[in-house]
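The following note collects points for a colleague who is reviewing the model. The sequence and coordinates come first, and the numbered comments follow.

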Amino acid sequence: MKRSRNQGELEQQVLEVLWSAEGPQTSTQILDALTTQTQQNGSGELALTTVLTVLTRLADKGLVEKTQPATGRGLLFAPTTTRERHTATQLLDLLERTGDPRLALSHFAKGLSAEAAAELKKLLD
């Protein structure tokens, strides 16, 4: 059964491919990695034009940079930030949008494991 994607899910999958790669990737390399993933989870096939559209959107958001390789015609794509920094930025953005950041942080802290709470406390001290 074909599974539909949530909004932004394909962008996240493309970023995951780039973060896991050993350097800049072509759109075809990204498509190949995504095709392997979609075959495993039943998400359906992707077209190269779809991947290029997502890469353009990510570049417009400042999350991916495009470079011209020394030889050849295609473009190379690389993330502009790390997975961890991107996640932190997303969390901070969500926190800013909440009506009550203190309450949101309280619920967040209650959901942490003892190990994660201890690590957070250590980072804050």
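**Notes on the predicted model**

1. From the N terminus on, the elements of the protein run α-α-α-β-β-α-α-α. The protein thus described has six helices and two strands; helices (H or I, at least four residues) and strands (E, at least two) are DSSP runs, numbered from the N terminus.

2. The model is predicted: local features need pLDDT of at least 70, side-chain atom pairs count only at pLDDT 80 or more, and totals for chains, interfaces and linings use all residues. Residues are numbered from 1 along each chain as its sequence is written, and side-chain values use heavy atoms, with hydrogens and water left out.

3. On overall burial, 22% of the 125 residues in the protein are buried. Buried means under 20% relative accessible area, exposed means over 50%, and partly exposed lies in between (1.4 Å probe, protein chains only). The accessible surface of the protein comes to about 9,000 Å², and carbon and sulfur atoms hold 54% of it; these areas come from the Shrake-Rupley method with a 1.4 Å probe, and for residues only the protein chains shown count as cover. Among contacts in the protein with a separation of 6 or more, 51% join residues 24 or more positions apart, where contact means heavy atoms within 4.5 Å.

4. The largest nonpolar core has 17 residues, of which Val14, Leu18, Ile30, Leu34, Leu55, Leu58 and Val64 touch the most other members. Two or more residues of this core come from each of α1 (9–20), α2 (27–41) and α3 (48–60), and α1 gives the most, with six residues. Such a core is a set of buried Ala, Val, Leu, Ile, Met, Phe, Trp, Tyr and Cys residues joined through side-chain atoms within 4.5 Å. In soluble globular proteins, nonpolar side chains tend to be buried together.

5. Helix α3 has 13 residues and spans 18 Å from its first C-alpha to its last, close to the 18 Å expected at 1.5 Å a residue; the expected span is 1.5 Å times one less than the number of residues. Its buried residues are Val51, Val54, Leu55 and Leu58. Seen down the axis of α3, these buried residues fall within an arc of 100°, so they line one face of the helix; the arc is that of the directions from the helix axis to the C-beta atoms. The face of α3 turned away from the buried side carries the exposed residues Thr49 and Asp60. After α3 comes Gly62, with a positive phi near 80°.

6. Which residues does Leu55 contact, leaving aside its neighbours within four places in sequence? They are Val14, Leu18, Ser27, Ile30, Val64 and Phe77.

7. Val64 lies in strand β1 (residues 64–67) and is buried, with a relative accessible area of 4%. Not counting residues up to four places away in sequence, Val64 touches Leu15, Leu18, Leu55, Leu58, Ala59, Phe77, Ala78, Pro79 and Thr80. Val64 and Val14 are 50 residues apart in sequence, and their C-alpha atoms are 9.8 Å apart in space.

8. His86 is buried at 9% relative accessible area. With residues up to four places away in sequence not counted, His86 touches Gln12, Leu15, Trp19, Leu63 and Thr81.

9. How many salt bridges does a search of the whole structure find? The search finds four, a salt bridge being a side-chain nitrogen of Lys or Arg within 4 Å of a carboxyl oxygen of Asp or Glu. One of them joins Glu16 and Arg83, whose closest N and O atoms are 2.9 Å apart. Glu16 lies in helix α1 and Arg83 in helix α4 (residues 83–97), so the pair ties together parts that are 67 residues apart in sequence. Glu16 is partly exposed at 27% relative accessibility, and Arg83 is partly exposed at 29%.

10. Another salt bridge pairs Glu119 with Lys122, with closest N and O atoms 3.9 Å apart. Both residues lie in helix α6 (residues 114–124), three residues apart, about one turn of the helix. Glu119 is partly exposed, with a relative accessible area of 38%, whereas Lys122 is exposed, at 56%. Lys121 forms a salt bridge with Asp125, the closest N and O atoms lying 3.5 Å apart; both Lys121 and Asp125 are exposed.
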